[in-house]
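The sequence and the structure are shown below for reference.

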Amino acid sequence: MAREIKEAISMETKEEIDCEALAADVVNKTRTNVLLTKTTMTSIADRSGFNRLTISKLLDKKKDMPLRMWLAAVYESGADPCEILSKAIRELSALADV
């Protein structure tokens, strides 16, 4: 999986990565996974140290969130952070090519 991220990033380095769009897409994918797996804000809060309302608000905004919070949401929902990042980078690259 690390190789996939490295390849996705190296493909994208030819063009500038839109970090804001990438972060929004990553948070959106994480939010979807949290909802589909019925992961509770309490479990994410316990793991990240942030409060439930803050987590919920940041997931709903689909913009950006602290790395610690994002990792807690990803792991609590059973997702793979490398997979989410590489998929988002590939999709962003595909959109840039259009």
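## Surroundings of Ile 55

In this predicted model, Ile 55 touches Met 41, Ile 44, Ala 45, Ser 48, Phe 50, Met 65 and Met 69, leaving aside residues up to four places away in sequence. Ile 55 also belongs to the largest nonpolar core, where it is among the residues that touch the most other members.

## The contact of α3 with α4

Helix α3 spans residues 41-48 and helix α4 residues 52-61; their axes come within 9 Å and cross at roughly 110 degrees. Because angles of 65 to 115 degrees count as roughly perpendicular, α3 is described as roughly perpendicular to α4. From α3, the contact is made by Met 41, Thr 42, Ile 44, Ala 45 and Ser 48, and from α4 by Arg 52, Ile 55, Ser 56 and Leu 59. By residue type, this contact divides into 5 nonpolar, 3 polar and 1 charged.

## The largest nonpolar core

The largest nonpolar core contains 18 residues. Those touching the most other members are Val 26, Ile 44, Ile 55, Leu 59, Met 65 and Trp 70. At least two residues of this core come from each of α2 (19-36), α3, α4, α5 (67-76) and α6. The most is given by α5, which supplies 5 residues.

The whole structure holds 4 salt bridges. One of them joins the side chains of Asp 25 and Lys 29, at 3.3 Å from N to O. Both residues lie in helix α2, 4 residues apart, which is about one turn of the helix. Asp 25 has a relative accessibility of 18% and therefore counts as buried, the cut-off being under 20%.

Lys 29 also forms a salt bridge with Glu 91, and here the closest N and O atoms are 2.6 Å apart. Since Glu 91 lies in helix α6 and Lys 29 in helix α2, this pair ties together parts that are 62 residues apart in sequence. Glu 91 is partly exposed, with a relative accessible area of 31%.

Lys 87 is also placed in helix α6, which covers residues 81-97. The C-alpha atoms of Lys 87 and Asp 25 are 9.6 Å apart in space, while the two residues are 62 residues apart in sequence. Lys 87 has a relative accessible area of 40% and is partly exposed.

## Overall architecture

The protein has 6 helices and 0 strands, and its elements run α-α-α-α-α-α from the N terminus on. It comprises 98 residues, of which 34% count as buried. Among contacts between residues at least 6 apart in sequence, 66% join residues at least 24 apart.

Notes:
Residues are numbered from 1 along each chain as its sequence is written. This is a predicted model: local features need pLDDT of at least 70, side-chain atom pairs count only at pLDDT 80 or more; totals for chains, interfaces and linings use all residues. Side-chain values use heavy atoms; hydrogens and water are left out. Axes are lines fitted to C-alpha atoms, for helices over the stretch in contact, and angles run from 0 to 180 degrees between N-to-C directions. Angles under 35 degrees count as roughly parallel, over 145 as roughly antiparallel, 65 to 115 as roughly perpendicular and the rest as oblique. Contact means heavy atoms within 4.5 Å. Ala, Val, Leu, Ile, Met, Phe, Trp, Tyr, Cys and Pro count as nonpolar, Asp, Glu, Lys and Arg as charged, and the others, Gly among them, as polar. Buried means under 20% relative accessible area, exposed over 50%, partly exposed in between (1.4 Å probe, protein chains only). A nonpolar core is a set of buried Ala, Val, Leu, Ile, Met, Phe, Trp, Tyr and Cys residues joined through side-chain atoms within 4.5 Å.
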